[in-house]
Amino acid sequence: GAMALCDKYERVFSRTLPESELYQLNAGTLPQEDGAFILSDSLADLIRQGLYYSELSEGAFDISIGPVSSLWDFTSGTALIPDEQELARALELVDYRQVELDGNHLRFGMEGMQLDLGAIAKGYIADRIKDYLVSEGVKSAIIDLGGNILCAGVRPDSAPFRIGIQRPFADRSETAAIVKIDGKSVVSSGIYERYFEKDGTLYHHILNPKTGYPYDNGLVSVTIISDLSVDGDGLSTSCFALGLDKGLELIESLPDTYAAFITEDGTLHFSDGLEETFSAELTD
């Protein structure tokens, strides 16, 4: 049932799958009413949350980055940097304030705009899987969507789950710290997830909506602990985009939300209360 939900939402949120609802929205082929695209409840809900985090981060995170992100390829191994003029043209179409969502109806303020929900879709899906498992009577579960960990309850022996914060660029099993989690979400965004190197420079997938190039702000990863995984997704990318100081400031303004930042020198920076609340242990 959980895997079926993953398949269902991929057909809604995928930017690259031609049959997906988001692909059709970006292509302009979704049904319209009075000049506005008609969205399913799921797509409208995720776009609404994406717009919230775009506004909260003052555009440092921007779901309308689709025209720019579609020019980059971090998975095929081609290591191609987009043409500067093409990138400049794409940047003109990036502005979340030009996305008007009214219920299930969406209008773009500029022709050629495209949305990219890749930074928050996994969190949304993880939350739906948890809802499903809990509704089926599951008391103890751990959902791992790669970078997104979501726990339902505690372990069967009543102990909290022990979740590792990955050491950037190390083996998957190598952790920088361990936190004890009861029913919470742990989401990490980092430059080690998808990247390529060219001429001695590392290019990663967290793109700056102002420049079109990857952020270069001294951070290598951000981990968010929150109740909902979609919030962890939106905040991990937003805080990475904002950088250490502004990211910490944002997290510490939000209730029941915590963050761990790792800077280029390997130092861990915890937001107020994280170490005590989740019995954080640094690992060697």
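Predicted model: local features only at pLDDT ≥ 70, side-chain atom pairs only at ≥ 80, totals over all residues.

Biologist: Let's start with helix H8. Which of its residues are buried?

Modeller: H8 covers residues 244-251. Its buried residues are Leu244, Gly247, Leu248, Leu250 and Ile251.

Biologist: Where do they sit around the axis?

Modeller: They are on the same side of H8, because they cover an arc of only 160° around the axis. In general, an α-helix has 3.6 residues a turn, so residues three or four places apart point the same way.

Biologist: And which residues are exposed on the other side of H8?

Modeller: Asp245, Lys246 and Glu249 are exposed there.

Biologist: Where is Ser271?

Modeller: Ser271 is in the loop between E14 and helix H9 (274-277).

Biologist: Is Ser271 buried or exposed?

Modeller: Ser271 is buried, because its relative accessibility is 3% and the cut-off for buried is under 20%.

Biologist: What does Ser271 touch, leaving out residues up to four places away in sequence?

Modeller: Ser271 touches Leu248, Ile251, Glu252, Tyr258 and Ala259. Leu248 and Ile251 are among the buried residues of H8.

Biologist: New topic: rings. How many aromatic pairs are there?

Modeller: The count comes to 12 aromatic pairs. One of them is formed by Trp72 and Tyr203. That pair is tilted, with 6.0 Å centre to centre and 35° between the planes.

Biologist: Where do Trp72 and Tyr203 sit in the chain?

Modeller: The pair links distant parts of the chain, 131 residues apart. Trp72 is in the loop between helix H4 (66-69) and helix H5 (84-91). Tyr203 is in strand E11 (residues 201-204). Both Trp72 and Tyr203 are buried.

Biologist: What about the pair of Trp72 and Tyr213?

Modeller: Trp72 and Tyr213 form an edge-to-face pair. The centres are 5.8 Å apart and the angle between the planes is 80°. This pair also links distant parts of the chain, 141 residues apart. Tyr213 is in the loop between E11 and E12.

Biologist: Why is Trp72 called buried, and why is Tyr213 called partly exposed?

Modeller: Trp72 has a relative accessible area of 6%, so Trp72 counts as buried. Tyr213 has 27%, so Tyr213 counts as partly exposed. Buried means under 20%, exposed means over 50%, and partly exposed is in between.

Biologist: Which residues do ring pairs link into a cluster with Trp72?

Modeller: Phe74, Phe196, Tyr203 and Tyr213 are linked into a cluster with Trp72.

Biologist: Back to the loop between H4 and H5. What does Ala79 touch there, leaving out residues up to four places away in sequence?

Modeller: Ala79 is found in that loop, and Ala79 touches Phe196, Glu197 and Lys198. Ala79 and Phe196 are 117 residues apart in sequence. In space they are 5.8 Å apart, C-alpha to C-alpha. Ala79 is buried, with a relative accessible area of 15%.

Biologist: Which charged residues lie over rings?

Modeller: Arg128 lies over the face of Tyr124, at 4.6 Å from the ring centre. The charged end of Arg97 sits over the ring of Tyr96, 6.0 Å from its centre.

Biologist: Now strands. What is the order in the open sheet of four strands?

Modeller: The order is E1-E2-E4-E3, with antiparallel pairing. E1 (32-33) and E3 (99-102) are the edge strands, and each pairs on one side only.

Biologist: How do E2 and E4 pair?

Modeller: E2 (residues 36-38) and E4 (residues 105-108) are antiparallel, with two bridges. Phe37 stands opposite Leu106 in E4.

Biologist: Which helix packs on that sheet?

Modeller: H3 packs on the sheet and touches E3 and E4. The direction of H3 makes about 130° with that of E3.

Biologist: Last one: strand E8. How many of its residues are buried?

Modeller: Six of the seven residues of E8 (residues 175-181) are buried.

Biologist: Which strands pair with E8?

Modeller: E7 (residues 161-166) runs antiparallel to E8, joined by six bridges. Ile163 stands opposite Val179 there. E15 (residues 281-282) also pairs with E8 in the antiparallel sense, over two bridges. Ile178 has Glu281 in E15 as its bridge partner.

Methods: Residues numbered from 1 in each chain as written. Heavy atoms only, no water. Buried < 20%, exposed > 50% of the residue type's maximum accessible area, 1.4 Å probe, protein only. Pairing = 2+ DSSP bridges. Arc of directions from axis to C-beta. Contact = heavy atoms within 4.5 Å. Phe/Tyr/Trp six-rings, centres within 6.5 Å; stacked < 30°, edge-to-face > 60°. Lys NZ or Arg CZ within 6 Å of the ring centre and 35° of its normal. Axes fitted to C-alpha atoms, helices over the stretch in contact; angles between N-to-C directions.
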